[in-house]
Each structure stands twice: as structure tokens, then as C-alpha cells.
Amino acid sequence: MRILGFETSCDETAVALVEGNPPGPGTIIHQELYSQLLEHKAYSGVVPEIAARAHLDRLDQLVAKLFEATGIGFNDLDGIAVTSGPGLAGGVLVGLMYAKALAQAQSKSFIAVNHLEAHGLTPRLSHGVAFPYWLLLVSGGHSQILEVRGPRSFIRHGTTIDDAAGEAFDKVAKMMGLGYPGGPAIERLASQGRDDAVELPRPLMNKSGCDFSFSGLKTAVRRHLEQGQGKNIEGMADLAASFQKALGDCLIGKLESAVFDGDNQMKTLVVAGGVARNLHLRARLDILASKHGLELICPPLELCSDNAAMIGWAGIEMLHVGFTDSLDVPAQPRWPLRSEQYS
Ligand code: KG4
Ligand code: ZN
């Protein structure tokens, strides 16, 4: 199967041509990406209006470049897949309308993809992982612990009750004057610091259940900075390392609770989303996985951040089991992965 995938839910305008059959691995034939990082940098975050306009400006060029580079045309496609949520409303709408128009004009199967599900299916694209598996999904907008049973079939064990993990990285980095995106900047700085130097809370860790909370952790960092501590380079590195460790403790602790409670027929633990790029987190997940007899699968770094290959692959997964969508499917800027929604 060969699918053209589109991703426009945040600040990456991305198009990819993906080929393969579930369970994978699949082949990414070609990707074209316009990263809007510089357009948003001055604002220390993504500006929705700027993002939507940039998607609109670039999509045509990216598709033309992709077809030119591969020599593949619409006749060679089995379908068109696009993120229809969750994400910034303007960007999602631009991509969705664009993909719908192509599907209609070229009479192609159309698949509306949940962006979070696409992150979660990425290890099948990269490694051909078999269902079911544990998924720690940690991105800029979401933090969830899921059991992935199949396309559009999940059981959610935990979610954040306030900030997402990536959002916490970004907000703390902003407070520390490290710029956007915050995750990579904190990870770099943390490598030079002591992770036990600053005492920080681990919210909800003494409570039962698998939900996360990161806003108290963020507030503690703010207080630490307001007290004038950690202003020199060494202090900043210690703060970054202590924050990264505390956030990691929360993720690992709740994931372990889920693994204890959950279905022990699962043999694989998968991490996905932008925060999955964090090597400190990967090392800790590796320890957790060994302890519980699970195999840890981490997609390649470039497939953890937002990309269109994961959307194309999710389209292949859906088409394979006969899921297609009609052209009146709405944009869903808020679309959490909930068990009851799909299973
Ligand atoms: O999945 P993603 O590319 O976009 C969303 O769907 O949100 O995730 C972006 C998030 C940002 O919050 C960014 O700071 C975080 O992933 N991130 C990291 C790292 N690289 C990106 N967080 C921690 N460590 C990293 N190395
Ligand atoms: Zn994402």
C-alpha cells in the first residue's frame, strides 16, 4: 500500500509518501518538510495564526517537490491521509481541507488521522512491533499511558491532569531563558548538572492511579528562580538536571503502576512523541523495561517529533483494516485518545 500523508497540526508543514503493509516495518519513500521554527522563535512558542498561514503558503510547493523527487504521481497512490486533530485549529483545518480537495479531485480513499494515534503507531512503521503494547505517549500537548490493541483500539490507563510533559519542559525552559523548544535545551544543559542538587516535588506520586501532574513541578522551579537561586551557569545546569530527573521520576513511577495493574500478556514497551527524543528518559525506560521483562522500542529520533510519515503510516494501518473516512469529517482540535471512543 502506498499513501500520501499530511501533517499540519502544529508548526511543521510536512508531506510524506509511505509504503508498506501492517504490521510493518514500512518504507518512507520520501518526505518534504518545512519547519516554521524560525517564524515562531521570537515569541517563545507557536503562534497559531502564523502557523496556519505558513501551512497554506507551503503545502502546494511541498507536494510538487515530493512528486518531482520521486517520479510518483496520484495514479500510484492508494489513498490520502491527514491529521484531523488534535492540534491548533487553523493549521488542522488548512491541512484537512487541502487533503480533502486532493482526495476528491483524484478520487482517492481518504483517511482522517488522530495525530496522537499516529505517534503511537510509529513503532510499527519503524520496527514492525506486534499489537498489543504499552505506549508512553509524551509530546508538547499530551502525556498518556496507553495499551495499544490495534488501529483505533486503545485502553487509556493514565493522562496528565494539567500540563503535558513537553509543555512542562517548554515552560520551564522559558522561565530559565533557554528559548523554544525547551526540551532539547534543558536536556543539553542537564548533562552538565547534578540531578539531586535542587529539591523539587514529584506531584501525585504518593497517590494511587496512573495520572500525571506537572504544574506543581513547574511552580517549584519558578519559586526557586524567584528566590534568586540558580542564576549562574552551574546553578542553571543543576536546576535543569533536577527538573529533568523529577519529571522522569513521575513518568517512570506512573508507568510502572500501570504495568503492575495491567495486562501481563504485553511484551513490549514503546515510547513516542517529541519528549521521547530525550535520552535521559530513554535510559530510564530501558531500566524499567528490563525490570518487567519488556522489550523497549524507541522510534528513531526524527520520527518522534511531528512528521508526515507517521500520518501516512497510520493511513496504511486504517486502510488495511477497512477504515476510511468521508469527506465531511470535521476538524477536531481537541481529540484525546480515550478508550471508550474507539474500542
Ligand atoms: O510530538 P511533538 O513534536 O509535537 C507535539 O505534538 O506536541 O513534541 C514537541 C515537544 C516539545 O514540547 C519539545 O520541547 C519536546 O517535545 N521535546 C523534548 C525533547 N525534544 C523535543 N523534550 C525533552 N527532551 C527532548 N530532547
Ligand atoms: Zn506530535
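Guide: Phe214 counts as buried, with a relative accessibility of 0%; buried means under 20% relative accessible area, exposed over 50% and partly exposed in between, with a 1.4 Å probe and protein chains only. The model is predicted, so local features need pLDDT of at least 70 and side-chain atom pairs count only at pLDDT 80 or more, while totals for chains, interfaces and linings use all residues. Residues are numbered from 1 along each chain as its sequence is written, chains are lettered from A and ligands numbered from 1 in the order in which they are written, and side-chain values use heavy atoms, with hydrogens and water left out.

Let us begin with two helices. Helix H5 covers residues 165–175 and helix H6 residues 182–190; helices (H or I, at least four residues) and strands (E, at least two) are DSSP runs numbered from the N terminus. The axes of H5 and H6 come within 7 Å and cross at roughly 70°, each axis being a line fitted to C-alpha atoms over the stretch in contact, with angles from 0 to 180 degrees between N-to-C directions. H5 and H6 are therefore roughly perpendicular, the term for angles of 65 to 115 degrees. On the H5 side, the contact (heavy atoms within 4.5 Å) is made by Phe169, Asp170, Val172 and Ala173, and on the H6 side by Gly182, Gly183 and Ile186. Of these contact residues, four are nonpolar, two polar and one charged.

Phe169 leads us to the aromatic rings. The whole structure holds five aromatic pairs, a pair being rings of Phe, Tyr or Trp (its six-membered ring) with centres within 6.5 Å, stacked if the planes are under 30 degrees apart, edge-to-face if over 60 and tilted otherwise. Phe169 and Phe243 have ring centres 5.3 Å apart and planes at 85°, so this pair is edge-to-face. It joins distant parts of the chain, since Phe169 belongs to H5 and Phe243, 74 residues away, to helix H8 (residues 233–261). Phe169 is buried at 3% relative accessibility, and Phe243 is buried at 0%.

Gln144 lies in strand S7 (residues 143–150) and is buried, with a relative accessible area of 2%.

How values were computed:
Angles under 35 degrees count as roughly parallel, over 145 as roughly antiparallel, 65 to 115 as roughly perpendicular and the rest as oblique. Ala, Val, Leu, Ile, Met, Phe, Trp, Tyr, Cys and Pro count as nonpolar, Asp, Glu, Lys and Arg as charged, and the others, Gly among them, as polar.
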